[in-house]
Amino acid sequence: MASENSPLLAYRLLGDEGSAFPASGAGGPGGTSPRKLSTFLGVVVPTVLSMFSIVVFLRIGFVVGHAGLLQALAMLLVAYFILALTVLSVCAIATNGAVRGGGAYFMISRTLGPEVGGSIGLMFYLANVCGCAVSLLGLVEAVLDVFGADATGPSGIRVLPQGYGWNLLYGSLLLGLVGGVCTLGAGLYARASFLTFLLVSGSLASVLVSFVAVGPKDIRLTPRPGTNGSSLPPRFGHFTGFNSSTLKDNLGAGYAEDYTTGAMMTFASVFAVLFNGCTGIMAGANMSGELKDPSRAIPLGTIIAVAYTFFIYILLFFLSSFTCDRILLQEDYGFFRSISLWPPLVLIGIYATSLSASMSSLIGASRILHALAQDDLFGVILAPAKVVSGGGNPWGAVLYSWGLVQVRKYLLRLDVRKEHVKFWRPQLLLLVGNPRGALPLLRLANQLKKGGLYVLGHVILGDLDSLPSDPVQPQYGAWLSLVDRAQVKAFVDLTLAASVRQGAQHLLRISGLGGMKPNTLVLGFYDDAPPQDHFLMDPAFSEPADGTGEGGSPALSTLFPPPRAPGSPRALSPQDYVATMADALKMNKNVVLARACGALPPERLSRGSWSTAQLHHVDVWPLNLLRPRGGPGYVDVCGLFLLQMATILGMVPAWHSARLRIFLCLGPQEAPGAAEGRLRALLSQLRIRAEVQEVAWGEGAGAGSPEEEEEGDFVNGGRGDAEAEALALSANALVRAQQGRGSGGGPGGPEGGDGGEGPATALTFLYLPRPPADPARYPRYLALLETLSRDLGPTLLIHGVTPVTCTDL
């Protein structure tokens, strides 16, 4: 939140804009340089260049060739109708009062408040950063298409070496040029933009003249990627000049494969490309701090730019449809060069639009960031962005933004194809029905993530077709407030689905970004225990009795329904619960079931507790206890996953005092000592400090022949229900007997026994058997899990499917 001294709060509370922002401020709140830019240089020029970008030169043929003239015009009308609504909103806000630096962020924050303005401002900032990177990459590719050593076009000038490192170098050099212009101030940026505008306008003028001045000609097409062009006869497109037959052939749609990617084009894909070329209307608004009269310049300049670009797009659509056949339009997106009176001028236009778009994005991003920093919405993180030059230029924000544009390369390296066990981290998706009953689990999962991704997922049941509006968006505020109040570092992802199982599938597939996607699904245990309302017991959620929270907002307890009453129907059936687990495993996700987390003491769930007043154990059973025979099961993927998760928890300050114990289950035929030595050697290699204890297992109920046990565990095998239940009871008794034992203590534990020595067990990690293949056996499987984990206190049942440890360099 903004501090009490932030300009944003001063503006809102005092109602005196002049007291918060000096009248001469330029670079945002607190700036001191005079405003210099006119409507034309400050709004019209950057907006036109941003809306044209590279699309106007390289995608006109793409749109008309696939969609045809009629659908292309329809797409253009739809796109500009959407833009018109946005422009009118910007005009209304800009004319509603004095506008300072920060563009869209400033206007929204002063209209809708700091919470909405801050979130949207951050989104605008990141969008501009990404837009700058994309424009520069497009410019590098456009340059290499002609001058690169691997250029395939007939007119390529192959002088520049290519490769990942070279491409990065070219992009960095261009970014340095763009950053240098923006760092030196808005005046130099305006002059550079005007020069770019002249180059682009000259290039477009030459294209328009060429449509009339150039006679019919055949244009040789570049062979498609992946084909041997030398072994195929040359293919030609045709520039026919103004021809009614050509126009008639180009009226209707003719969607085909994109010759650069081989993907089949559709109305949606073509519209997406066109609409991307129509955006950029905020480029002028982002310069609000440098405009002489922003309240007049922003609406007037933006409307002029939108009308101008709309006219140019329509003109190019008509000229292309009148003069170029479908083959040329679909197979040569750069045909402007082929028909131009002077082809190099088209290249200049392409390079100029890309360069100007990157400059506009970078300087717009820096102005938004400077305004965010001045309002203190994100604290000391953005302190460097407050730095301004003597002339009021926020060069600190420019350098900040330049550095992020240059985090873009490493963001793309978060690629699922580059995963490696050496840098594996738990990336959790916790599926929460009602946070009132899941608060301890929410905090425990926050401890298990170890700096990895943590997403709170919630499924809202419904069908959007039968609803007047989306019920998901209004609920984000409550969930974000929950994250803040619970003091956990988590993202929130909500979805609408017909069932919880379908919603869980949605969240597992779409949550995250690139390599930062959930790899582990966490669920609360499905049992008959009455749900508790932890909001009433947690001091962090205490609120006034009148139902209002901070600042008069609704109390958090009123935003979530009360816990489910005992015996009332559930949103998730037992069958769907197990099916959700099975779905996650099919998607190669690890599964964690958490039971009785509400029994954990508050100090174990706190963020920074270092208390050692009472020692506890964390017990790990890395063997499937529902498979009677022991053996080397502790070295399988799932067993190692349990060890990793327990070790990660031990790194959290609140769990530093807990001692890790690993129970090694021995089969009837195994001699004591041998397996323990192998396990200790493995733990030494993995640098896991733990106490190892051997226990006998498999001698009692249900111990069958080796041939029978090769069929699977008791959940998937053909044994009877009574025999499987007996084994689960025996396993439960075994775990309970060890929970109260210290290093040399006797049996006993928190639920009973003979009061053994040593600390008790705070948390138990159990091997979760894979759900049966037959859905009819799901209820029996869930009943066995309930028996296995009954009265064990806080327990995590885990099934891991991804390797997490490695001893190789």
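The largest nonpolar core of this predicted model has 106 residues. Such a core is a set of buried Ala, Val, Leu, Ile, Met, Phe, Trp, Tyr and Cys residues joined through side-chain atoms within 4.5 Å. Buried means under 20% relative accessible area, exposed over 50%, and partly exposed in between (1.4 Å probe, protein chains only). The residues with the most contacts inside this core are F211, Y313, L316, F317 and F336. Helix α5 (residues 60–94) supplies its largest share, 17 residues. Helices (H or I, at least four residues) and strands (E, at least two) are DSSP runs, numbered from the N terminus. A second, separate core has 69 residues, among them Y476, A594, L666 and A762.

Residues are numbered from 1 along each chain as its sequence is written. Local features need pLDDT of at least 70, side-chain atom pairs count only at pLDDT 80 or more, totals for chains, interfaces and linings use all residues, and side-chain values use heavy atoms, with hydrogens and water left out.

Two residues illustrate the packing. Contact here means heavy atoms within 4.5 Å. Not counting residues up to four places away in sequence, Y313 touches M51, F52, V55, V56, I60, L76, Y80, G277 and C278. L274 lies in helix α11 (residues 267–278). L274 is buried, with a relative accessible area of 1%. Its neighbours within four places in sequence aside, L274 contacts V63, A72, M75, L76 and F317. L274 and V63 are 211 residues apart along the chain, yet their C-alpha atoms are separated by 7.0 Å.

Helix α9 (residues 186–213) packs against helix α3 (residues 39–52) at an angle of about 50°, with the axes 10 Å apart. Axes are lines fitted to C-alpha atoms, for helices over the stretch in contact, and angles run from 0 to 180 degrees between N-to-C directions. The pair is therefore oblique. Angles under 35 degrees count as roughly parallel, over 145 as roughly antiparallel, 65 to 115 as roughly perpendicular and the rest as oblique. On the α3 side, the contact includes F40, L41 and F52. On the α9 side, Y189, F197 and L204 are among the residues involved. The contact divides into 12 nonpolar, two polar and no charged residues. Ala, Val, Leu, Ile, Met, Phe, Trp, Tyr, Cys and Pro count as nonpolar, Asp, Glu, Lys and Arg as charged, and the others, Gly among them, as polar.

Helix α9 also packs with helix α12 (residues 294–323), at about 30° and with axes 10 Å apart. This makes α9 roughly parallel to α12. Contributors include F211 of α9 and L316 of α12.
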